[in-house]
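Reader: I am new to this structure. Please show me how to read it.

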Amino acid sequence: MPSFLCMLLAALFVLAGVLHFVAPKPYVRMVPDYLPAHLALVYISGAFEILGGLLLLLPATRSFAAWGLIALLIAVFPANVHMALHHIGIGAKPPPQWMLWARLPLQLVMIAWAYKFTA
C-alpha cells in the first residue's frame, strides 16, 4: 500500500489532470504564446498528470511515474513563468502578483516530493 504522501501526491496530480478536461480555458491562458496548439497541449498535459498520478499508486510503476511527473513539472515550468510575467490567474480574477511568483519555487517542492518516489 502506498504511503499517505504518495497517495496525496497522486490525488493532486489526478485532480489537476481532470481539471484540464473539465475546465480547460484557464489552462489554455497559461500556455505561452510561442507554443502551438494550446488546447491540445492542455489536454496532453492533463492526460499525463492523470496517468502519472495513477501509476504512482502501483509499486511496479511508481518509480517510472515519479520520473515522468518530474519531467512534466519541468516541461510546464515555462507556463508558470508565463503566468507570473503576464499576471494570469486560473480564476476570473488573477491572484496578487507575488503569489504567481511564489508558485515558481513551489515547482521545486513538487519535484522533490515526486523524487521521493523514484527509488
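Reader: How many helices and strands does the protein chain have?

Author: Helices (H or I, at least four residues) and strands (E, at least two) are DSSP runs, numbered from the N terminus. The protein chain has 6 helices and 0 strands. From the N terminus on, the order is α-α-α-α-α-α. This is a predicted model: local features need pLDDT of at least 70, side-chain atom pairs count only at pLDDT 80 or more, and totals for chains, interfaces and linings use all residues. Residues are numbered from 1 along each chain as its sequence is written, and side-chain values use heavy atoms, leaving out hydrogens and water.

Reader: What share of the residues is buried?

Author: Buried means under 20% relative accessible area (1.4 Å probe, protein chains only). Here 36% of the 119 residues are buried.

Reader: Which residues have the most contacts inside the largest nonpolar core?

Author: In soluble globular proteins, nonpolar side chains tend to be buried together. A nonpolar core is a set of buried Ala, Val, Leu, Ile, Met, Phe, Trp, Tyr and Cys residues joined through side-chain atoms within 4.5 Å. The largest has 16 residues. Those with the most contacts inside it are Leu-9, Phe-13, Leu-56, Leu-69, Met-110, Trp-113 and Phe-117. Helices H1 (4–22), H3 (38–56), H4 (62–75) and H6 (97–115) each give two or more residues to this core. H4 supplies the largest share, 6 residues.

Reader: What does Trp-113 touch?

Author: A contact means heavy atoms within 4.5 Å. Not counting residues up to four places away in sequence, Trp-113 touches Leu-5, Leu-8, Leu-9 and Leu-12. A second, separate core has 9 residues, including Ala-79, Met-83, Ala-84 and Leu-100.

Notes:
Buried means under 20% relative accessible area, exposed over 50%, partly exposed in between (1.4 Å probe, protein chains only).
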